[in-house]
Each structure stands twice: as structure tokens, then as C-alpha cells.
Amino acid sequence: MTALLTIIVLVFILIAIWQMVKIFDLAQAKNENTQVATDKDNTMNAYLMMGFLAFIYIITIVCLVKWGDLPLMSNSASAHGPTIDNLMVISMVIIFFVQTVTQFLLHYFAFKYKGEKGKKALFFADNNKLEAIWTIIPVIVLAGLIIYGLNTWINIMGVDESDDPLVVELYAQQFNWKARYAGADNTLGKANVRLIDIDRANILGIDEADPNAQDDVITTELHLPVGKPVLFKMRSQDVLHSAYMPHFRAQMNCVPGMITQFGFTPTVTTAEMRETPQMQEKVKRINNIRVENSKPLLAKGEEPLESYEFDYILLCNKICGKSHYNMQMKIVVETQEEYNAWIKEQKAFKNSLIN
């Protein structure tokens, strides 16, 4: 009922505005009204164009100074991360340069060649030299970016099996993640959603008869040893998800019915990242906001908001349903010794089944 009343009110408001416009037009009927721009109109519009150009440049500079995170993309924590960041910076520099030049030419030409009485416009139907220049230059620049990007992509996707990477499966389902480690044999057991047996706690549909599956380890937290190549295999139980690890500059869709993969080598432990000045400043800023937001809660006798502590995180970067925003998993990057101690505490798949 509320929605219907809202629609009715909006309709009446639109009708009222329409009637007011009609009254305004009738009131102006006796005044001289021509659609042809005068020299005064053209001059005013020309200066407005230059004013708008100044506004664009000023607001860009203010945004860069006030909110710009310079240097751009400087907190990567994987071996290939700096390459991704360099590609991003190069792209942004090119875009910024082209935008600055083209916007200047657009607004300056509108000012310089404004309409004036008695002035006849001079134009060229075509200019082969000019067209060749503005076609060849973008082709060269884009080709360079694409080749650079492809090489980076190959480095991410082409995990060298001779490096003996740690094999981990990321299992996506609405609305959580599970990680499955390949165990001592570093080979994941076969799995299929048709084999899911909740009664026996086989939540990932692992083939119980597969010898490679017996030492697999299923966890709700992702631990990675620093400096060790990791090969991720991804599955989805229901809809399209996307495994996104922002600090490792890695993302891949998790597609129902197929296995996708990517790999990277973590280079910065969680403890080391927490100690960086950039991260300490971010944590301090967030906790200051939480302290302010906790004051009304304390006044009501409620518990204050918890203090924020940085952790790497795995997110779903595809809108997969109503609780998509809550689909995340903590990632811990630690030393090899810390990882070995943690993995020993985990229960193997064969010991986790309910008989």
C-alpha cells in the first residue's frame, strides 16, 4: 500500500511540474524567443567551456591530493604482484595523460572556434595523415599493454609443476568457502557434488574410495607458507562464484561443473604486513571510526564494536545471492615452520567421516 501511495504522489508531482512549465511558456510567449544563438550566447558558452575545463583539472588535483593513494597499488604480497601493479600504474598514467590532453583540446577548440557573425567555418572532409597518426599510436600503445598483460597472465596461470607447489582446493558454495589441502602426497582426491553426504560429514563430495583422498585436509581457514608456490584448484557447488584475493592480485571464477585454477607465491607474512606503516595507519583509522561508532552503543549499555586487526582475506567477487557480501575466508601467511605445526593439528579426511 505504501508503494502505491508513493507512486501516486510522484505522478501528481510530475503533473504539477508539467503544468508549471506550460504556464511559464505562456508567460514568455510575448517575449522575443529565437533558437538561433547570438555572438553573446556563443561567447558566454565559450568561456563556460574553459571554466568547466578548469573545474575538471582542479577537482582532479584535489582528489589526487586528498584521496589519492600514492604510490598506486603498493601493498602486493605475492611474487607476481609487483608486475600487476606496474601494469595498473602504466595504464593509469596513459589514461590520465590522454584524458588531460584530449579534454584540453576539446574545450580549447570550443573556445577558440566559437561561432561569430560573419565567420565561416573551415573544415577538412578527411585528412589521411591525421587519421593514420591517431590510429597507429593507439594501436601501438594498446598492443604493448596487451602483450605485457598476456605475459603477466601466463606467469600466473603457468604454474611450474617442477617447483613442487602446494596444492589447495578452494570450494565455493552459497555463502562460504572451504579449503582442501592435498595432504602428504600433495595430490587431491577425486570429488564430485553428487558424492556429497551430509550424514557422513562428506561436505565436499570427496570420493571416499580414492586413496589420494584419505590424507586430504578440509579447513575453514586458509594457511599458506611464505615463499612457497601454491596451486589453487577451484570448484563451485551451486552458482558462479569468484575467488578474489586482493593483496595477492589474484582472481578466478569458480564455475559449477568444472575446475579452474591459478597459482602464486606469497611473499609477505600476515605479521609482516601488519607491521607496515601503510597498514598500521589503515588499522588506526578504522579503529578510530569504530571507537566513535561505539559511543552510542555504550550509552545504551551495549557491547562496543570489536577492534579491527588486519588479515589477508579471500572474497567472492561475483554477486552470488543475498548473502554474497558475507562470503569470505581468512587467509594466514606464515613461516614454513608455523604452517607445518598448523597442518599437523588438522584432521585428515578419512578421520573426519561419521560412521
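Colleague: What makes the pair formed by the side chain of H80 and the backbone oxygen of R249 a polar contact?

Modeller: In this predicted model, a polar atom of the H80 side chain lies 2.9 Å from the backbone oxygen of R249. A polar contact needs N or O atoms within 3.5 Å, so the pair at 2.9 Å qualifies. The H80 side chain also reaches the backbone oxygen of F248, at 3.1 Å, and that value is within 3.5 Å too.

Colleague: Where does H80 sit, and which residues does it touch?

Modeller: You will find H80 in the loop between α2 (39-67) and α3 (81-112). Setting aside residues up to four places away in sequence, H80 touches I156, F248, R249, G263 and F264.

Colleague: Why is H80 called buried?

Modeller: Its relative accessibility is 9%. Buried means under 20%, so H80 counts as buried.

Colleague: Now F12, please. Why is F12 called exposed?

Modeller: F12, in helix α1 (residues 2-27), has a relative accessibility of 55%. The cut-off for exposed is over 50%, so F12 counts as exposed. F12 also belongs to a nonpolar patch on the surface, together with L4, L5, I7, I8, V11, I15 and W18. The accessible area of this patch is about 790 Å².

Colleague: How do you know that C320 is in no disulfide?

Modeller: The structure holds zero disulfides. For C320, the nearest cysteine sulfur is that of C316, 3.8 Å away.

Colleague: Let's finish with L170. What makes L170 buried?

Modeller: L170 is found in strand β1 (residues 166-173). Its relative accessibility is 0%, under the 20% cut-off, so L170 counts as buried.

Colleague: Which residues are in contact with L170, leaving aside its neighbours within four places in sequence?

Modeller: Among them are W177, L222, F232, M234, A243, M245, L314 and M329. K178, K233 and R235 are in contact with L170 as well.

Colleague: And how far is L170 from T6?

Modeller: Their C-alpha atoms are separated by 46 Å, and the two residues are 164 residues apart along the chain.

Notes. Residues numbered from 1 in each chain as written. Predicted model: local features only at pLDDT ≥ 70, side-chain atom pairs only at ≥ 80, totals over all residues. Heavy atoms only, no water. Helix = DSSP H or I, 4+ residues; strand = E, 2+ residues; numbered from the N terminus. Buried < 20%, exposed > 50% of the residue type's maximum accessible area, 1.4 Å probe, protein only. Polar contact = N/O pair within 3.5 Å; in protein donor to acceptor, adjacent residues only side chain to side chain. Contact = heavy atoms within 4.5 Å. Patch = residues over 30% accessible without salt bridge, like charges linked within 9 Å, V, L, I, M, F, W, Y side chains within 5 Å. Areas by Shrake-Rupley, 256 points an atom, 1.4 Å probe, with all protein chains shown as cover. Salt bridge = Lys/Arg side-chain N within 4 Å of Asp/Glu carboxyl O. Disulfide = S-S within 2.5 Å.
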